[in-house]
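Here are my notes on this model, point by point. Please keep the structure open while you read.

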Amino acid sequence: MQNFVNEERCEPRKRSTGDRVKDFKEIYEVLSKEDASLQADRCIQCGDPFCHSKCPLHNYIPFWLKATSAMKRDLAFNLSNETNPYPEITGRICPQDRLCEGDCTLNDGHGAITIGAIETFISEEGFKKGLKPSFPGITTKKKVAVIGAGPAGLACATYLLRAGIAVSMYDKQNRAGGLLTYGIPGFKLDKDVVARRVRWLQDAGMDLHANTHVGKEISFDEIAHSHDALFLGIGAESPRKANIANENANGVFMAIDFLRSIQKKLFNESYDKKFEVKGKNVVVIGGGDTAMDCLRTSIREGAKSVTCLYRRDKYNMPGSKKEFKNAIEEGAEFVYNVTPKEILVNSEGQAIGIDMHKTILGAKDANCRQCVEIVKGGDFRVDADVIIFALGFTPAVPTFLAENGIEVNKSGCIVVNHEYQTSKSGVYAGGDCKRGSDLVVTAAKEGKEAALSIIKKLLG
């Protein structure tokens, strides 16, 4: 180990820009055995590993790096899967620059270990050898319902199944995965990767009820009465709006609706053709990873032009650096220090552009981010056929929550105690529906911890 003096940080290879914008296939190649071993061998095996601490799942990163360096790939696979319900997914989509890699000791002049790429390699190399996550089968008489098949729900199901508890999963979409399937584009996360993990959960004993909207096709009471506990992982799908004039006009979309519709199109599922952007001038409002997803999806869908409008400067964009870089490489344009004033429409109510305020950054707020201040007299117009708002999400609040005495706070987040139990006994919740829109790995952590609380309650 500690070969960082001789080996520089090496990023995984990417497909050429010209090729990758033609389809929705993943752009990053999996590391070769040699590159994975050499990169893992750069780890200095800190006595107090910051990468482990910064990871919400507290993955055994130094340990599986050491095993990868020594080419003990079975050990690396088992260590990686022990703490993480789906390492092949987090390796691909986590913002490692803000988490494990961001806290790597080697950032001080040498370049962080490429932890995410190695995490992906460990899983994919193991799968090639026929390795699979281990489950004991259903060994108890307990049965838990998981409502929502997204990141939190899949994580919860994983650890319940590891304890031998039967799981019934309910989701309103055609396929399990939540935003992993319908929100994050395939060029970041191949949908077969998600489907493979879901299949293994089904093989382990999970009973999946897709196309089943709780409160419509089946009642909450019916589920509650046939299970020993319930976990709510229903996410946060209510988009934040800018609250400006004409934001409901034709041609104005919310990011989640746009991304989900395009993915349904790619699945050959029923979708709304109003979301097609071929030959159109597209403007995306926002600066996070979801905004980057909308930009890059629009490029692949054949948009005439694709522009991102963001209220701060590029150094304050909240998304991961690699997604910002990829968007620029693929042809997206960026305009900084602007905020929307009004959607412009024609006589038929169709969006034709957007009026923007110019902004400057002022004093820092309570979260140490600089406040945005509008520059008087700096308004200008941006022509557009399609305007997509990517301003984040808040939890939707289904009626079955109030009907069953499940408390939510003023933001619509489900209120839980330290064991993730809601105000209704036997009902637990985690992920975005509990804390608001956040990272996949955070939802994985909360689904896992909720499962451990459920296991403790049911099995003692």
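How much space lies in the second largest cavity? About 100 Å³.

1. Basis. This is a predicted model; local features need pLDDT of at least 70, side-chain atom pairs count only at pLDDT 80 or more, and totals for chains, interfaces and linings use all residues. Residues are numbered from 1 along each chain as its sequence is written, and side-chain values use heavy atoms, with hydrogens and water left out.

2. Second largest cavity. A cavity is a set of points on a 1 Å grid over the protein atoms alone where a 1.4 Å probe fits but cannot get out; lining residues have an atom within 4 Å of a point. Volume is the space filled by probe spheres set on the points, which are joined across faces, edges and corners. The second largest cavity holds about 100 Å³. It is lined by 15 residues, and C55, N59, C94, C100 and E119 are the closest to its centre. Two elements give two or more residues to this lining: α4 and α7 (115–128). Helix α7 supplies the largest share, 3 residues.

3. Its lining by class. There are 9 nonpolar, 5 polar and 1 charged residues. Here Ala, Val, Leu, Ile, Met, Phe, Trp, Tyr, Cys and Pro count as nonpolar, Asp, Glu, Lys and Arg as charged, and the others, Gly among them, as polar.

4. Largest cavity. The count is 3 cavities of 30 Å³ or more. The largest has a volume of about 130 Å³. Of its 14 lining residues, C43, C46, C51, C104 and T105 are the closest to the centre. Elements α3 (50–54) and α4 (61–69) each give two or more residues to the lining. By class it has 12 nonpolar, 1 polar and 1 charged residues.

5. The sheet. Helices (H or I, at least four residues) and strands (E, at least two) are DSSP runs, numbered from the N terminus. Strands pair if DSSP finds at least two bridges between them. Five strands form an open sheet with parallel pairing, in the order β6-β14-β7-β8-β9. β6 (252–254) and β9 (333–335) are the edge strands with a single partner each, so one side of each has no neighbour in the sheet. Neighbouring strands are turned by 25° against each other on average, direction ignored.

6. β6 pairs with β14 (residues 386–389) in the parallel sense over 3 bridges. V252 has I387 in β14 as its bridge partner.

7. Helix across the sheet. α13 (residues 289–300) lies across β7 (281–285), β8 (305–309), β9 and β14. It runs at about 170° to β8. Contact means heavy atoms within 4.5 Å. Axes are lines fitted to C-alpha atoms, for helices over the stretch in contact, and angles run from 0 to 180 degrees between N-to-C directions.

Methods:
1 Å grid on protein atoms, 1.4 Å probe; cavity = no way out; pocket = protein on both sides within 12 Å on 5 of 7 lines; lining within 4 Å.
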